[in-house]
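Hi,

Here is the model we talked about.

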Amino acid sequence: MKTILTGIRSNSVLTLGNYLGALLPMVRLANEHSKDYNVHIFVPDLHSIISDVDGDLRENTIRTLKYWLAAGLELNENIHIYRQSYVPAHSELCWILDCVATMGETSRMIQYKEKSKGQESCNVGIFNYPILMAADILLYDAEFIPLGEDQFQHIELARNLAIRFNNRFNAEIFTVPAKTSDQVKFMEVDTAIRIRDLLNPEKKMSKSTVAEGSKIMLDDAPEKAAKKIMSATTDSLGKVKFDMFNQPGISNLLQIEALVNDLPLSEVVAKWNGETKYGELKKAVAASVSTMLSDFQARLANISDDEVYRLLEAGEVYANKIANAKLLEVQKAFKLR
Ligand code: ATP
Ligand code: MG
């Protein structure tokens with residue numbers, strides 16, 4: 001059986017953007033494929049510590065796993081949930097792959113350039129994390145890795161390392177992950193989903209943006225979220241139209257309305273097209289978002305820590321078994337064993 005692998009960092013509470021753009025599509029994909037694929041959902045906690053963590057990382061990890069369940073992940077025996085740092089083989093393989101990767105290819109990573117920009121002294125983890133990511137993927141022979149477009153270059157790096165390693169030892173030790181073009185086909189999602197910042201809709205909504213009114217957090221009280229929608233920046237054109245370039249604020253509201261209600265964007269756009277009272281659209285979106293949040297939060301409150309720990313216990317035994325077997329093959333290839 002082929003493997004799908006995915007994860008989201010748990011450095012803080014997630015936003016509506018993370019939910020609609022990442023969590024929900026990944027849950028759909030997992031539910032759709034978990035009869036025919038092994039689905040690995042892991043919390044990349046070692047990746048978290050390359051940057052600041054808001055609160056207690058262990059608690060954030062448990063909360064993020066509850067998000068997956070509250071977002072509708074249907075559990076079965078093919079779904080494996082684990083924490084990266086509980087499977088030491090990730091770090092070990094990372095070191096070995098460090099000795100396979102070149103400075104040239106790693107220095108070309110755009111994320112590294114962006115994340116290190118303006119930092120007086122950037123930690124080595126920011127440079128090295130794409131190699132850890134390659135280890136996360138290659139340990140489990142994962143073929144499909146549903147991620148945002150910003151991570152495609154890292155998938156290509158993992159592919160190159162797998163190919164180079166296999167060639168060097170003249171053996172098919174690693175499964176080469178699918179090309180990014182095939183990853184996109186597999187995901188069948190609009191990779192262009194980018195929920196915008198409510199106050200500055202030219203930018204995307206980000207959890208690290210300081211202005212409270214810019215973002216809806218998954219733990220916002222529904223009334224508070226509704227107020228943020230009512231205060232969202234729009235434009236002075238006075239006519240609803242889906243046009244991200246000229247009317248990003250209004251277009252963002254239409255996009256949110258469609259995704260939250262699981263409706264095709266075209267249907268929502270057709271319904272509101274030409275409306276001159278922006279307040280009416282805002283009221284509708286505010287109601288949709290607050291209903292979504294109260295349902296989500298009610299589901300979240302019903303998931304106990306114990307349930308998550310039980311899943312982790314089983315998932316981590318499984319992950320260690322698979323990962324250690326792969327690591328041993330790699331160690332043998334290098335004559336470490
Ligand atoms: P940060 O400000 O810390 O970068 P972020 O909100 O951008 O936070 P990430 O941790 O970078 O979140 O990304 C987590 C996942 O959410 C990724 O898959 C990313 O593609 C997706 N994502 C982030 N922001 C949005 C958004 N505004 N709309 C849709 N998807 C998003
Ligand atoms: Mg980001």
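First thing to check: in which sense do strand 2 and strand 3 pair, and over how many bridges? Strand 2 (residues 37-43) pairs with strand 3 in the parallel sense, over five bridges (pairing needs at least two DSSP bridges between two strands; helices, H or I of at least four residues, and strands, E of at least two, are DSSP runs numbered from the N terminus). Within strand 3, Ile 81 is the bridge partner of Ile 41.

Some housekeeping: this is a predicted model, where local features need pLDDT of at least 70 and side-chain atom pairs count only at pLDDT 80 or more, while totals for chains, interfaces and linings use all residues. Residues are numbered from 1 along each chain as written, chains are lettered from A and ligands numbered from 1 in the order written, and side-chain values use heavy atoms, without hydrogens or water.

The whole sheet is open, with four strands in the order 3-2-1-4 and parallel pairing. Strand 3 (79-83) and strand 4 (142-144) are at the edges with a single partner strand each, so one side of each has no neighbour in the sheet.

Now helix 4 (residues 89-98): its buried residues (under 20% relative accessible area, 1.4 Å probe, protein chains only) are Ala 89, His 90, Leu 93, Cys 94, Ile 96 and Leu 97. Down the helix 4 axis they fall within an arc of 165 degrees (from the directions from axis to C-beta atoms), so they line one face of the helix. Their cover includes strand 3, helix 7 (124-138) and helix 14 (305-333).

Cheers

Key. Buried means under 20% relative accessible area, exposed over 50%, partly exposed in between (1.4 Å probe, protein chains only). Contact means heavy atoms within 4.5 Å.
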